[in-house]
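Here's a friendly walk through the protein you're about to see. Take a moment to turn it around before reading on.

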Amino acid sequence: MPFSRVCPFCNVLSTITKSDIQSASDFFYRDFADDTIYGLQTHVITCPSPECNKAEVFVQKWDTNNGEIIPKTFINFECLIRRWELEPEANVKVFPNYVPESILQDYKEAKLIVNISPKASATISRRCLQTMIRDFWAIKDKKSLHHEIEAIKDKIDTNMYDAIMALKSIGNIGAHPEKDINIIVDVEPGEAEELVWLIETLIEDWYMVRHDRENRISKIKSINTEKQLERKIDPYSTN
Ligand SMILES: [Zn+2]
């Protein structure tokens with residue numbers, strides 16, 4: 001039963017075989033509140049890519065139909081009720097460590113509380129956005145996040161500009177109380193999830209794309225240096 005899987009740590013697609021998986025024996029328990037017998041299993045999948053080799057850990061709960069069902073496969077079986085991601089936590093994307101730590105921390109926190117407290121998650125996403133604009137685009141001395149976003153308007157495409165402004169406004173719901181305290185505006189988990197997705201996209205589009213581009217540029221430069229040395233010509237010659 002080998003299957004394909006994208007590693008949550010290194011994002012590499014590989015084929016997982018029996019030797020990459022370890023599963024703890026099935027554990028059954030009766031929930032007397034709903035009189036159902038559930039099963040619990042712990043699984044560890046080790047990434048076969050030699051550059052990674054990291055272990056993903058998760059737990060699955062399923063309805064055993066009175067102890068009768070023992071799933072033959074552990075992914076997406078029909079009676080699966082819930083899956084808890086233990087490592088990496090709650091599908092938090094693992095980003096490279098050249099992304100500033102404060103951004104990664106805010107991103108992780110916003111993602112972890114998306115379901116428990118979507119309004120707080122949206123507020124943290126907003127703060128994370130502000131840190132990124134200040135750091136990545138070197139924007140300073142602006143009165144508010146609104147002005148900071150306006151300062152990068154001509155550097156990003158229109159759709160992204162609108163999405164970033166929307167993130168700011170939704171994040172404001174948790175950051176500032178309504179003028180009329182009787183008005184309650186909530187943020188739904190799905191909405192907070194979209195904002196966290198936007199943060200993930202910005203980390204990739206800004207930090208990771210820039211890092212990749214710089215790497216390639218310096219690679220081209222060093223290829224040239226090598227080639228010109230082979231020709232015994234000064235690599236910085238203006239000829
Ligand atoms: Zn991996």
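## Ground rules

A residue is called buried when its relative accessible area is under 20%, exposed when it is over 50%, and partly exposed in between (1.4 Å probe, protein chains only). Asp186, for instance, comes out as partly exposed, at 49%.

Keep in mind that this is a predicted model, where local features need pLDDT of at least 70, side-chain atom pairs count only at pLDDT 80 or more, and totals for chains, interfaces and linings use all residues. Residues are numbered from 1 along each chain as its sequence is written, and side-chain values use heavy atoms, leaving out hydrogens and water.

## The overall layout

Start with the big picture: there are five helices and seven strands here. (Helices are DSSP runs of H or I with at least four residues, strands are runs of E with at least two, and both are numbered from the N terminus.) Following the chain, you get the pattern β-β-β-β-β-β-β-α-α-α-α-α. The radius of gyration is 24 Å, well over the 18 Å that the globule rule gives for 239 residues, so the protein is more spread out than a compact globule. That radius is taken over C-alpha atoms, and the rule is 2.2 Å times the number of residues to the power 0.38.

Along the principal axes, the C-alpha atoms fill a box of roughly 80 × 65 × 25 Å. Of the 239 residues, 34% are buried. Contacts here mean heavy atoms within 4.5 Å; of those with a separation of 6 or more, 50% are between residues 24 or more positions apart.

## The zinc site

Now for the metal. Which residues hold the zinc ion? The protein donors are the SG atoms of Cys7, Cys10, Cys47 and Cys52, sitting 2.3 to 2.4 Å from the zinc ion. To count as a donor, an N, O or S atom has to be within 2.8 Å of the metal (3.2 Å for Na, K and Ca); water is not among the atoms, so sites may look incomplete. In sequence, the donor residues are spaced C-x2-C-x36-C-x4-C.

The site is tetrahedral, with angles of 104 to 116° among the four donor atoms. For comparison, the ideal angle for four tetrahedral donors is 109.5 degrees.

## Salt bridges

The structure holds nine salt bridges, each being a side-chain nitrogen of Lys or Arg within 4 Å of a carboxyl oxygen of Asp or Glu. One of them joins Arg5 and Glu56, whose closest N and O atoms are 2.9 Å apart. Arg5 is in strand S1 (residues 3-6) and Glu56 in strand S6 (residues 55-63), so the pair ties together parts that are 51 residues apart in sequence. Arg5 is buried, at 8%, and Glu56 is buried too, at 7%.

Another salt bridge, at 3.7 Å from N to O, links Asp186 with Lys119. Asp186 is in the loop between helix H4 (158-175) and helix H5 (189-230) and Lys119 in helix H2 (residues 118-136), so this pair connects parts 67 residues apart in sequence. Lys119 is partly exposed, at 29%. Asp212 and Arg216 also pair up, with N and O 3.8 Å apart; both lie in helix H5, four residues apart, about one turn of the helix. There is also a salt-bridge network made of Lys111, Glu193 and Glu200.

Pro88 is in the loop between strand S7 (80-87) and helix H1 (101-112).

Asn66 has a positive phi of about 60° although it isn't a glycine. Asn66 lies in the loop between S6 and S7 and is exposed, at 55%. Asp141 likewise has a positive phi, near 60°. Asp141 lies in the loop between H2 and helix H3 (145-151), and is exposed at 76%.

Conventions
Four donors count as tetrahedral if all angles lie between 85 and 135 degrees; four count as square planar and six as octahedral if opposite donors are over 155 degrees apart and all others between 65 and 115; anything else is irregular.
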